[in-house]
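The following paragraphs are meant to be read alongside the sequence and the coordinates.

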Amino acid sequence: MSRDRDQKPVMPRPSGTFPPSEAMLAEPVPDEVQRVQQERLRKAWATPKGWRYWSAVNNSEVGVWYSTTALFFMLAAGVMALLIRLQLAVPENDLIPADRFNQLFTMHGSAMMFLFAVPMFEAISIIILPALLGARDMPFPRLSAFGYWSFLIGGVFVIGSILFDAAPNSGWFMYPPLATKAEGVGSDIWLLGLSFIEIASIAAAVELIVGTLKCRPPGMRVNIMPLYAWYVMVVGGMILFAFPPLIAGDFLFELERSFDWPFFDPERGGDPMLWQHLFWIFGHPEVYIVFLPSIAIAAMIIPTVARRPIVGYSWIVLSAVGTGFLSFGLWVHHMFTTGLPSISLGFFSAASEAVVIPTGIQLFAFLATLMIGRVTMTLPMLWIAGALAVFTMGGLTGVMLAMAPFDFQAHDSYFVVAHLHYTLFGGMIFPVIAGVYYFYPFIRKKKLSERLGRWSFWLIFVGFNVTFLPMHLTGLKGMPRRIYTYPEGIGWDWLNMISTIGAFVIAAGFAVFVWDLFRPKRGQGQVARNPWQAGTLEWSHEIPEEAWGVRSIPHVTSRYPLWDQPQIVERMDAGRYYLPDAEEGKRETLITSVIDAEPLQVQRVTGPAWITHAAAIFTGGTFIFPTFHVYPPAIVCGVLAVACILYWLWTSTARPPEADSKDVGLGLRLPTYASGPASAGWWAMWITMLGDATAFASVIFGFFFYWTARPDFPPDGAAHAEPLLVAIAAGAMAASWALTLWARGANRRGAVSLARGALVAAPLLAGVGGIGLIGSVWTLEPTSHVYPAILWALAIWVVVHTGVGVIMQVYCLAGSIFGKMTPRYDADIWNVSLFWHFHVLSAVVACAVMGFAPGVL
Amino acid sequence: MSEDRQKTRDGEVEEFAEEQASLWRITLSPLAWAAHFVICYGLVALSCAKGLPVESVRQGLIVFSVVVLALIGWIGWRAWRQWDVRETGDYLNQQGKAEDRHRFLGHAAFLLSIISFIGVVFVSLPLLLLEGCG
Amino acid sequence: MGARSGEYGSLRRVDGIGAPFFVLGLPLFLSACSGRQSALDVAGEDAAAISLLFWVMFGAACLLWVAMNGLFFFLSRIRPGQFPDRYVQPLLIGGGILLPTVLLAALLVWGLGLLPDQRAPGDGLRIKVTGEQWWWRVEYWPEGAEAPVVTANEIRMPVGERVEFLLGADKVIHSFWIPALGGKMDMFPGRETRVSLRAERTGVFRGQCAEFCGASHAWMAFETVVMEPDTFDAWLEAEAGDALMPVEGAATRGAALFLSQGCGACHTIRGTEAVGQVGPDLTHVGGRLSLGAGRMGVSTAGFTRWIGHTEALKPEVQMPSYDFLSTEELDDLAQYLVGLK
């Protein structure tokens, strides 16, 4: 990429004064100016009224819908848990039939993980992250909205299946061959419905990472950004590397379900272990993806209640980053009993123990903060205390389970059920509820009831321990997980009865909590501003609430600006800081540099829209129709979804601005348009493609996994991909990439017609490449053996991406013809060429594997 | 982008501008851990599945572990110098200045090196304690 | 605790370290670790090693939990805000890095050192177990044997001898687990895994499938009978023989019914025309401790119930319920089967 940077940018640079001097900040803003600015800003950021309300895209609206929906899914999954517990209360119970029970526990786990835990992290982050960073909104509000509507559609589809007795019933881990052979549409609902949601999750992760890296307020260097933002960055990165292997697995799995390609069928060279690897490479980091942001909430609450800055800021950053890395080296501890060599188990035992250290460090940093601060046991802090008690227990049983020999006994027993609930309640539920109590005055400008809060805490805390503490023993006494009933007399009867009773106590606690959350609070006045006397920027928001988020974007020089920068709130309110106005009536936010948050650009952000709903509905159709093996409507939906997304991008992203640059206040002028690495869109593309490349790498891993694990890969005398066509495909793709890159340079030099010519030729070449690649495997029979099947899968992967790449090239061509893309405003082609960098790399790797593998293996 | 402005700023020494480019540097040690982990696991799995001489693979990996430990040690030492706590006595690096950011990144990288070092030692234990493909 | 240890054999070996737990007041664990499917009521060498590992980790975990939460309580409720900043670095370095590193390294050295023993080779007898939906196909391969002794849904093994289990599966993944004897091992279609177990005392222990394998996962269990070596040899010899021919009326009618109803298409009863391979071998089913893969005890009433209500007793099982047979016919069949000692 260095070659790209050498070219002289045409864009205007930031100019003027930065950082602002104290004198500039001290200068008052005239009242009349303030009034006019406020009016314009209010108009630009107004939330739509009436039925149009649902077209809102503002983070404060989308975030609330998102979290409420996730909460609803959690309650539904909780009801399933109660049914599970009722069935297990007594031996040989016939309350719930076996198949229904299997659907219940499958859906309980799947919904808690995919419809609650991860979306809840994203929802909370969408609500609070912009506020923590003094930003007006997320960088891509319509993407958040699209993600939300996709989540809603997918979530209702997946969880609704249980009402029709059609839910997946093979466990949330969906091990083949059980799940590949399962009858009915359950497995397909799981695969396609959740893939849909995973893609929405990745979209949200991309947005959160870009939000953290590029939308911080001026001056907020990485060493003073709120710890929550650090965690968001780490967790976003983890999502990017953890979800794609699962998506790759889903891709292979659904090919087996729909077309009988034997990826996991040992009779035709497949291997069920590949799924286990791909699933747990996702599955274990997933646990930390759920845990880290919740502990981040604790990192926000603890300094507030201790009335002092967090102790060991660097230590906590280390802990977040370290945990993020180590969590990718644990996955085989879910596979300790699959008969892998002892040394291999040893590696994973060791890494699983090592991850304890960073996790422990963050707890000790909290303790240290409490040690030197003066703690007040507020309600949020009570929940954090509960979290600590519960989580340390889960962590310690985790240390036990990480020891491979002990796991031989405890694996897949109720001991593990107890362990995982201790970690997830302590590491997620308790801190998140603490966060709800803490942030409720920020979100709703009201307070939750202290009395009800304590009631629900004690009910949930006691109920939780009554339910799950005995399960350790139940498991050690030999009770396996996922059994719908058990005979009496083995010694499990009374333990299960206790657990069932406890489950209903938890439910009572949640009932109190949910009532408190949703009960009408009209009588209660709005809270005072910054009711907890906290030090971070989200508490600067005005009361009553204004849709603009912050009146002006402050210059930040401290980790706790509300504590350390005495007049900051006053000056923000007066519009003394950046972007106090919306002269053009457009929504805007600041883009700053990654490390030091120097102001770089004013970014136009999108406003209310319905196109996101259409895009979500059609994307949903694309995933949902194949569940029932009806493909024509799925294809129609796919085309319409692409059309909607193109319309949305065309009309609202990277449009040439009215002026090259604008005054953002405090004597600073910033460009209004950026392309390449300076723009948020380019970062989003880069991050997305990193995830995409991980998914591709997982498919390639699959290829080499078969080669390592199976003696008959490739089988003797097998037909291979046609080498000549593979070579042609690789060449054509490379040429298409080179032309795209060249078109970008030509366009910027002003050679517009040459660029257009290249953009006509490039898609044609890409088409040749795609056809060549399909042609190279055309004669192979993918249902006969896993070898032709994986060659086909690679070809399909590359061809689908080629299709996307072609659409992008044509989009740029159209942009050039219709004046959206000019030599000066060329963000589109920068993003497209970035896509092609990744695409050509994966195409060449795929071609090399397909073409050379037979000779080398 | 804005380097030209930066030079004129008081207290912002050029020395600290090098990190403009990258946040990735603090992840070097954990990346070394990850590479070590993947190579150990991959090679052992491969040699057990394909009947390669596991014993020599194991010994080679022990040597490799030592090399990785040395590498992490070196990264950690550089990070320690960047943190420079003995000179400044500042454990917190909490000011909004370029120098604080510079030292903070050193501190974080140093701590990550410690964790990665422990991680590599742990992951090497099976190589020392276990033999063969059983 | 001392008084109890006579009652609960499993606790005897951990008396020394068990004492502090008792003081800590954890009656839950101490009241009832026993059970014929309990990993803590050990009867095998491997389970004993793991159980010791567990008790030590459990003790350390209790101490650490109390220490961590006690510290929290002390700092937040008893003496909040009374400590100077200079305590911070020692707390972070000592509690966050040194303590866990040392403890975990020691644990790893010990725990990983247990792995080779857990994978020790057998003394001679090999038992091949195949997981089916939802029962166990069992073949005994004594040392030097050319053909196996085929049976189903029950494991018998000699005490004091390390027996090697070769594990496989028919359609889906299962897991072979006898908690009292040792850890579990998954069973895959198209791949052989192995585990070896050495029983230290005779008795009957329950084993169960531990990997979710479909509708009747809950009903995929078996009894493990650990016998004196002589008794075991005698049993195996008898097990290798053909089925006993029924002599009295009801059982004879049952034998005829068994063939006329087509049971032999799925089941084998050696010495008769029944040679089916789909379902469990029934040659000596009457001599087993359970029927229906641990579903219920062996008795005439049990067989009657099983054959008449198979699908209710074991959801989605391949065998149909023979509920169209009359009570008398069911009873005849049961008499026949229960007599197949």
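**From backbone details to chain contacts**

Met174(A) counts as buried because it has 24 C-beta neighbours inside 10 Å, and in this predicted model the residue is placed in the loop between helix 6 and helix 7 (178-181) of chain A. Lys445(A) is found in the loop between helix 16 and helix 17 (450-476) of chain A.

Two peptide bonds call for attention next. In chain A, Ile543(A) and Pro544(A) are joined by a cis peptide bond with omega at about -5°, and Pro544(A) lies in the loop that runs between helix 18 (493-518) and helix 19 (561-564) of chain A. In chain C, the peptide bond from Gln133(C) to Trp134(C) is cis, with omega near 0°, and Trp134(C) has its place in the loop between strand 1 (126-132) and strand 2 (135-141) of that chain.

How do two helices of chain A pack against each other? Helix 5 (residues 98-132) of chain A and helix 16 (residues 414-444) of chain A pack at an angle of about 25°, and their axes are 12 Å apart. Angles under 35 degrees count as roughly parallel, and helix 5 and helix 16 of chain A are therefore roughly parallel to each other. The crossing in which helix 5 of chain A passes helix 16 of chain A is left-handed. On the side of helix 5 of chain A, the residues that meet the partner are Ala117(A), Met120(A), Ile124(A), Ile127(A) and Ile128(A), while helix 16 of chain A brings Met428(A), Val432(A), Gly435(A), Phe439(A) and Ile443(A). Sorted by class, the residues of this contact are nine nonpolar, one polar and no charged.

At the level of domains, chain A is divided into domain 1 (19-47 + 561-604 + 655-674), domain 2 (58-518), domain 3 (617-653) and domain 4 (691-856). The centres of domain 2 and domain 3 of chain A, taken over C-alpha atoms, are separated by 30 Å, and 13 residues of domain 2 are in contact with 11 residues of domain 3 in that chain. On the side of domain 2 of chain A that touches domain 3, helix 6 (141-160) and helix 8 (186-214) each supply at least two residues, and helix 8 of chain A gives the most, with six residues. The residues on this side of domain 2 of chain A comprise six nonpolar, five polar and two charged.

The contact between chain A and chain B takes 44 residues from chain A and 44 residues from chain B. Helix 11 (313-326), helix 12 (342-354), helix 13 (356-372) and helix 23 (680-709) of chain A each supply at least two residues of the side that touches chain B, and by class that side of chain A has 27 nonpolar, 11 polar and six charged residues. Chain B itself has five helices and zero strands, and 41% of its 134 residues count as buried. Among contacts in chain B between residues at least 6 apart in sequence, 71% join residues at least 24 apart.

Methods: Residues numbered from 1 in each chain as written. Chains lettered and ligands numbered in written order. Predicted model: local features only at pLDDT ≥ 70, side-chain atom pairs only at ≥ 80, totals over all residues. Axes fitted to C-alpha atoms, helices over the stretch in contact; angles between N-to-C directions. Helix = DSSP H or I, 4+ residues; strand = E, 2+ residues; numbered from the N terminus. Parallel < 35°, antiparallel > 145°, perpendicular 65-115°, else oblique. Left-handed = near helix turned anticlockwise from the far one by under 90°. Contact = placed C-beta atoms within 7 Å. Nonpolar A, V, L, I, M, F, W, Y, C, P; charged D, E, K, R; others polar. Domains from an automatic or database assignment. Buried ≥ 20, exposed ≤ 12 C-beta atoms within 10 Å, placed from the backbone.
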